Structure formats: C-alpha cells, structure tokens
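Please examine the structure shown here together with the briefing that follows.

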Amino acid sequence: VFYCFASAARRVVLIVSCLIVQGIDEIRHIIVASYSMPQIFIDTRGVSVSLRFTETSFFVEPTKHNGHAITCYTGIFNYFNDVQHAGVPLRSVISANFASGTVEVQYLARSGKKSSLALATAHGTVKEEDRTRAKEWCQALLLAAYQGAKPSKNLKVFVNPFGGQGKARTTYASKVEPIFLAAGCTLDMPTDTTHSGHALELAREMKLEYDALVVVSGDGLIHEVLNGIYQHQHRDKAFCIPIAPIPTGSANAMSLNLLGLQDGLDPCAAALNVLKGQSLKVDLFSFTQANLHRISFMSQSIGLMADLDVETEHLRWMGDTRFLVGYLRGVIARKSCPVELSLKVVDQDKSHMMDALYARRAGSLPSPSISPSPPLSDGKKIDSPGSSHEEWTRFEKPILWMFAGQGPFVGRSLMQFPVSIADDGLIDIAIQETASRMWFVSRRNLLRAMDGAEEGRVYWMNSNRYFKASAYRARPLAPKGSLVIDGEEVPFQEFQVDVLHRLGTFLSPYPYYEPAFTVLDAEGKTRRAGV
C-alpha cells in the first residue's frame with residue numbers, strides 16, 4: 001500500500017509491504033518510510049498550530065497569527081504553558097485521529113525534565129482542501145509511532161486496591177485507563193483482588209486471548225499471577241503472554257528494572273510500556289519446600305533482609321520508606337542468621353561478572369544457548385545433602401542475611417543485584433557475612449553501606465559474598481525466623497531454588513534490564529554498563 005504526500009517543498013513516499021516467509025504462517029511488516037513529513041496546520045480557537053513529526057520526535061509548534069507570534073497557548077493543549085516549541089519522543093504518541101474535519105493527537109509529555117508523564121491532547125480543525133491530506137498524515141503518524149504494530153491491544157487487568165499506599169484503583173482510573181482507551185485497547189473488566197491468592201485464582205482460570213496481562217500493584221501481585229499461570233491447564237502457552245506491571249506497590253522492583261529509576265515509579269510511563277513495549281524473556285525460579293512448589297520471579301531472602309520486610313508490613317502507608325526503617329531496626333538488633341547454605345556455583349569473580357554484564361548490554365555477548373525450561377514438575381523434591389556432592393559448594397561462615405534473585409533493583413534505594421542478566425540461566429546470590437577476613441562487620445559499617453546502595457556500591461564490599469549459581473538450597477538452623485519470596489512471607493523451613501531458563505515474559509522498552517551499573521575502574525574513570 002502506498003501513501004503519497006506532495007507539497008511545494010517536499011514529496012514523501014511511505015511504503016508498507018508484507019512478506020510471507022515460506023513455510024511459516026507469519027506476516028512480517030516491513031516499513032520503509034521517510035519521516036520528513038510535510039507538516040499540517042490546525043486551527044484551535046483562532047490559533048494556527050503546526051503539527052509535524054520526524055524519525056524520532058513529534059512536534060506541536062505555534063505559528064504567527066494576525067502578525068503576532070503565539071508564545072502562550074494555555075488551554076489549547078491541556079498540558080503545556082508558555083512554550084514556543086513543544087517536542088516529545090515519537091514513541092510517546094498514543095493516537096492520531098481525523099474525523100469531521102478535526103485532527104486530534106494524544107500523546108504523553110512531561111512538564112519538566114524530572115516530572116512524570118501525563119496525557120496531553122493537540123486538536124483543531126483543518127481547511128476543507130486539506131482534509132484528505134490530514135487524514136493520510138494521521139495514518140502515517142500512527143504507523144510511525146507504533147512501528148507497524150497494532151495500537152489497540154486486548155488486555156487483562158489485575159488491580160490490588162490494598163497494595164502499597166492503597167491508591168491502585170484511583171491511579172488506574174485517573175491515569176492508566178485513559179491512556180489505554182485513547183489507544184483503542186479492549187479492556188477485560190478490571191478485576192479488584194479481594195483477598196490473598198485471588199489473582200492466582202484468576203490467572204489460573206483465565207482465557208489465553210490476551211495480548212498482555214496488566215498488573216496494577218507491587219511485586220506481590222506479579223508473584224500471584226505467575227503462580228496462577230503455573231497452575232493453568234495450558235501453562236506453556238500462558239507463560240508466553242507478557243506481563244506488564246503498573247507501579248502502585250511499596251517496592252515496585254520489577255517496574256524499576258524494566259523502566260529505570262526515572263520512569264519505574266511512573267504509572268503513565270508503565271502504561272506506555274504496555275502499548276509500545278516488546279517481549280523480554282526472563283529466567284524464573286522454582287521454589288521447592290517439602291512437597292510444595294511455587295514460582296519466584298524476583299527474590300528470596302532470609303535473615304535481616306527478610307525481617308525488615310515482614311516486620312514493617314504495618315507501615316505500608318509509608319511507601320518504600322518502610323524498608324529503610326526496617327533496615328535501621330535490623331542493624332541495631334544485628335541478629336545473626338543461622339542457616340546451612342549449599343550452592344551450585346558458576347561464577348564468583350566480581351570483576352568477571354561485571355565484564356560479562358557490559359559485554360551483554362553492548363551486544364558482544366550473545367544470549368546463552370540454553371533451551372527454555374519447562375515448568376517445574378510436580379514430582380520435584382529437594383536434593384538430599386549427599387546428592388551430586390561434587391556439584392554443590394557449602395557456605396559455612398556465619399551470616400547476617402542471604403538475598404538471592406535477579407533484576408538490579410529490589411527497591412528504589414537498593415541495587416542488590418547490579419550484575420544481574422535477565423536470561424543468563426543463573427540466579428544471583430548475595431550473602432552478607434558477619435565478618436570479613438579478620439574484620440568484624442560493625443553496625444557502623446552496615447550503616448555506611450547505605451551510602452551508594454542505590455548505585456550498587458555494596459557489591460564491592462569484601463563482606464558481601466556474591467555468586468552466580470544454577471541452584472541453591474537453604475536449611476534454617478533456628479526454630480523461628482523470616483523467609484520472604486518476592487515480597488511475600490512463606491514458612492520458615494528448608495527449601496531449594498532452581499533456575500527456569502527464559503520461562504517468563506515481560507513487556508520492556510529495552511532488550512535488557514534498564515538500570516546501568518556504574519563503577520570506577522582502576523584509573524578512577526567511570527565505567528557504565530550499556531555504553
């Protein structure tokens with residue numbers, strides 16, 4: 001299909017062609033486009049405004065009217081004030097429609113560099129002779145903004161009204177849903193979870209017709225959804241439906257890892273990811289405890305890091321600040337964590353792991369050639385202490401906590417796994433010793449570790465033992481304690497964790513976790529993964 005646009009200054013041809021690969025029932029859209037599109041002019045309340053887009057940006061620009069430059073058009077576009085030149089990334093365009101002589105473009109924009117995104121609208125009428133071109137221009141803009149993908153999606157929405165500060169329902173209705181509706185999405189009736197395990201029940205019985213599963217909550221509801229998928233009758237297909245978090249919980253770690261610090265706590269940026277994100281395959285973990293099995297996607301913790309989560313449950317109204325309060329309490333108490341740990345270690349060289357992260361993000365290190373893991377068999381049991389003795393390494397030093405998982409951030413203020421790779425087939429394990437070599441790890445040292453924790457500096461602490469492993473098991477040696485999986489408390493009993501390679505699917509703007517690990521090399525120069 002060819003759309004031809006002509007003007008006195010430019011002539012642009014947009015070619016859309018479809019190729020069917022022999023033997024594969026797949027249509028590949030190949031878009032060959034010129035983004036130097038001729039601008040169109042709309043009239044809004046007597047103000048003439050130019051709309052145009054390039055390969056990377058969409059622009060809303062006022063023009064001269066009655067001999068005077070328009071420098072302020074408050075109320076015309078319900079977001080910008082006192083601007084002469086408003087440009088947003090092309091990716092931020094949500095919809096572009098022409099009807100009854102009126103052009104309407106909806107997009108997401110910021111009022112400042114550090115502000116959150118908000119839905120904005122540019123709309124106005126066009127002259128009679130420009131209507132055909134305006135309609136074609138809107139079609140071309142939408143095609144370029146979505147890179148040929150369909151704007152409207154069929155979404156299943158889970159809402160946890162009790163998570164975090166209890167604002168999930170309001171946030172969804174006021175910020176997220178309008179974006180989905182603007183894009184023309186089909187929304188399965190958003191379901192408010194009413195009790196623990198409700199999302200698991202819904203996911204277990206859901207149909208497989210959705211383009212994405214939208215989770216409006218924190219990390220705990222993602223855990224429930226994944227475990228519901230694990231119990232689904234057709235779980236192999238269900239695991240292929242991508243999950244997209246909308247951050248309204250306490251930690252929102254998965255959203256931070258997918259979108260980064262600037263956008264990871266922004267519901268509108270997360271909604272944009274639902275529309276524009278691409279599937280990112282990630283490793284999941286099988287958690288086995290006695291004869292019970294569950295899926296973990298983010299972390300498992302025991303000791304101080306588990307205590308701070310469980311013991312601040314009543315402080316959810318504080319948001320993620322409750323974790324800081326819990327850590328300070330834990331440092332004051334400084335309780336040791338008696339546990340027997342065994343690991344199938346693959347790497348423990350911190351410099352080597354960091355270099356592997358850099359190489360992967362730069363594209364010079366391909367994904368591991370490991371087949372995706374099947375979901376955990378119901379017959380799986382914890383390995384006995386003597387099984388596969390040559391593969392297991394026992395960690396016998398006294399510790400304060402053990403934190404295992406993937407994804408750099410476990411919360412906004414803690415980059416716990418800075419060298420984590422989404423699909424390396426391994427789990428990152430950080431163990432905080434009570435002493436480093438001959439040095440006692442004091443409360444003062446633990447407090448000083450908070451400095452730069454959001455940048456991953458704790459990774460380099462000598463007392464922070466860091467491993468990449470294909471599996472590990474833990475046996476608590478105390479009668480009582482806390483064990484937390486993906487932010488949810490589970491029984492304080494012996495357990496084993498194995499990696500399920502590339503079993504999970506999330507929506508992401510990037511082919512890797514977004515947060516970059518920045519460190520200083522031997523010469524004092526900054527090294528940053530991903531550059």
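Tyr459 is buried, with a relative accessible area of 1%; buried means under 20% relative accessible area, exposed means over 50%, and partly exposed lies in between, with a 1.4 Å probe and protein chains only. The model is predicted, so local features need a pLDDT of at least 70 and side-chain atom pairs count only at pLDDT 80 or more, while totals for chains, interfaces and linings use all residues. Residues are numbered from 1 along each chain as its sequence is written, and side-chain values use heavy atoms, with hydrogens and water left out.

**The chain as a whole**

- The protein chain has 11 helices and 34 strands; these are DSSP runs numbered from the N terminus, with helices being H or I of at least four residues and strands being E of at least two.
- Of the 531 residues in the protein chain, 53% are buried.
- The accessible surface of the protein chain is about 24500 Å², and 52% of this belongs to carbon and sulfur atoms; such areas come from the Shrake-Rupley method with a 1.4 Å probe, and for residues only the protein chains shown count as cover.
- Among contacts (heavy atoms within 4.5 Å) between residues at least 6 apart in sequence, 72% join residues at least 24 apart.

**Aromatic rings**

- A pair of aromatic rings is described by the distance of the centres and the angle of the planes.
- Rings of Phe, Tyr and Trp (its six-membered ring) pair if their centres lie within 6.5 Å; planes under 30 degrees apart are stacked, over 60 edge-to-face, and the rest tilted.
- A search of the whole structure finds 11 aromatic pairs.
- The ring centres of Phe297 and Phe506 are 6.2 Å apart and their planes stand at 35 degrees, so this pair is tilted.
- Phe297 lies in the loop between β19 (292–296) and β20 (299–303), and Phe506 lies in strand β32 (residues 495–508), so the pair ties together parts that are 209 residues apart in sequence.
- Phe297 is buried at 2% relative accessibility, and Phe506 is buried with a relative accessible area of 1%.
- The rings of Tyr459 and Trp460 have centres 4.9 Å apart and planes at 80 degrees, so this pair is edge-to-face.
- Trp460 is partly exposed, with a relative accessible area of 35%.
- Tyr459, Trp460, Tyr466 and Phe517 are linked into a cluster by ring pairs.

**Charges over rings**

- The charged end of Lys156 sits over the ring of Phe158, 5.6 Å from its centre; a charge sits over a ring if NZ of Lys or CZ of Arg is within 6 Å of the ring centre and within 35 degrees of the ring normal.
- Lys276 lies over the face of Tyr146, 4.3 Å from the ring centre.

**Nonpolar cores**

- The largest nonpolar core has 86 residues, and those with the most contacts inside it are Leu51, Phe58, Val105, Tyr107 and Phe180; such a core is a set of buried Ala, Val, Leu, Ile, Met, Phe, Trp, Tyr and Cys residues joined through side-chain atoms within 4.5 Å.
- Not counting residues up to four places away in sequence, Leu51 touches residues including Ile40, Phe58, Val105 and Trp137.
- A second, separate core of 29 residues includes Phe403, Leu446, Tyr466 and Phe517.

- In helix α3 (residues 198–205), the buried residues are His198, Ala199, Leu200 and Ala203.
- Their cover includes β13 (154–159), β15 (191–192) and α4 (219–230).
- Lys207 is in the loop between α3 and β16 (212–217), and at 56% relative accessibility Lys207 counts as exposed.

**Glu454**

- Glu454 is in the loop between α11 (443–448) and β29 (464–476) and is partly exposed, with a relative accessible area of 33%.
- Not counting residues up to four places away in sequence, Glu454 touches Phe409, Arg412, Ser413, Leu414 and Met415.
- The C-alpha atoms of Glu454 and Phe409 are separated by 7.9 Å, although these residues are 45 residues apart along the chain.

**Positive phi values**

- Most residues other than glycine have a negative phi.
- Ala290 has a positive phi, near 60 degrees, and is found in the loop between β18 (278–289) and β19.
- Arg502, in strand β32, has a positive phi near 55 degrees.
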